[in-house]
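Morning, everyone. Have a look at the structure first.

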Amino acid sequence: MSTANHEVFAQAVSAQRKQKPVIVPHVIAGKEYFDGPLLQREDPSYPSVIVSGCHDAPGDLVRLAVQKSREAQREWVKVPLEERIARIAKAVDFVASKIDDWTVRVAVEIGKTRAGARAEALEVLELLKYYVEYASRPGAFEDEREEDPSGLANLSVLRPYGVFGFITPFNYPIVQAAGPTIAAIIAGNGMVIKTTHHGPWSCHAVYEMCAAMDLPVGLVNIIHGADDPGRALVASDVDGMSFTGSVSVGQEIIRQFSNGAYPRPVIAEMGGKNPVIVTDTADLEMAADGIVFSAFDLVGQKCSALSRVIATPKAYERLVELVAERRSKLVIAEPAVENSFGGPVVEKRAVQRFEDVVKKAKAGGFRVDGGEVLNQDGYFVDATVISGVPVDHELAVTEYFLPLVSISVVPDFKAALKAANATSMGLTAGIYTGDIEEARTFLREIEAGCVNVNVPGHATTGWWPGPQAFGGWKASGSTGKQALGKWYVQQFARQQSRKTVAALESLLAE
């Protein structure tokens, strides 16, 4: 039976908690290593239960992973694109067979609900299919120009950089590593994955996926650990870096990769302080539904999560009541509870951050709906709405990565749009309005990579996206090309213009 059935899922989660912890190895050129101190991962729903673990990779092992990937990449780059794609596509059936297993891993390590954990596993399958399809399109990696006036033959092609590194986030431990890895190896690169120590067993699934492909041994290597292995990977001689995580860490990587003999590419998807505008003409019931889902899905631990609502005067008071009412009905509980909307936050420090923010909100005299640390075994906190916050207040402009949303009132739509853009980040944004001109202006002027207009149930993009591209502007992204889009894979390659005499024209495509 499948984890699409909740009873089956709950039984599988319960059974996994009774098993010995899964300690995953570093894998470099097909060889397993257990070097470095052991890091244990507790189930955030039941912290007394250790579900997995990994070893904190020492720097020399990180450098070995890069070296072995580079050696394998020299063979991989000789494989024609069409053959690379075919060999990578061999993993489709394997991934399809692992959906139930990966769903359970994410549930016990990260605390995701059944729907959220299963959606992550399924998205890996979709990523694999989409990127293979995009890369197979005519002209995806070469652009033959019109007749050269010199009489010579020419061809513009995309060529790999060499070896990429990737540092994974905890909130999507499988899919966020799978996307860059698939893209990098399609483009002809090697990849060294540094997992999150909050979900090493989940992220190890990406190595398992790559092992099901017909790749040179050592092309994709995986290392585990906390912060130090990530720093070692950034400091290594990788040719490029892919990163998903906070703005501060992403910007530091970009700065480091801009120094040296030449700048190296950083493909980063960073945080967001994501707004929704609700105007006087909006359907407030629809807006409240969208706000509650987008703010509290995955208990706010998503870069795409809604965290600030900007309302105009006639909408404000009624909207506050509607959101507070809906918030109070959410069930926050461990994944095995069938009607659970959200699970635990990732660790004890996140609970402490939550308490600090709520304390600050109450000290400021703002209305707080929720705000409680729940009386459960794990790291459970209540979905919380903070209302009456000035639109430029610290509570309304800081990204907390928690189930917290602020609601502010501004004089009019113009002020709302100005406030929505008054941040260095620009990942997702939304609007609810009954005025078509406001909607047009919003789409023309909002500074965000993913935007919603009057979308039922989703104030800001936060669902399993399928074919929808996902990425951010400003400090939320480094390239302007978004994941799950047709231009994403090509970022892992650089352009080369080739010219030769007509008699050697066939050489150009090799």
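Domain bounds here come from an automatic or database domain assignment. That assignment gives domain 1 as 3-270 + 477-498, and domain 2 as 274-453. A word on ground rules. This is a predicted model, where local features need pLDDT of at least 70, side-chain atom pairs count only at pLDDT 80 or more, and totals for chains, interfaces and linings use all residues. Residues are numbered from 1 along each chain as its sequence is written, and side-chain values use heavy atoms, with hydrogens and water left out.

Now the interface. Taken over C-alpha atoms, the domain centres are 31 Å apart. Domain 1 puts 23 residues into the contact, domain 2 puts in 26; contact means heavy atoms within 4.5 Å.

Next, area. The two domains bury about 2,000 Å² between them, 61% of it on carbon and sulfur atoms. Buried area is the accessible area (1.4 Å probe) that two parts lose on being put together, summed over both.

Now charges. There is one salt bridge between the domains. By that I mean a side-chain nitrogen of Lys or Arg within 4 Å of a carboxyl oxygen of Asp or Glu. R17 and E334 form a salt bridge through their side chains, at 3.0 Å, N to O.
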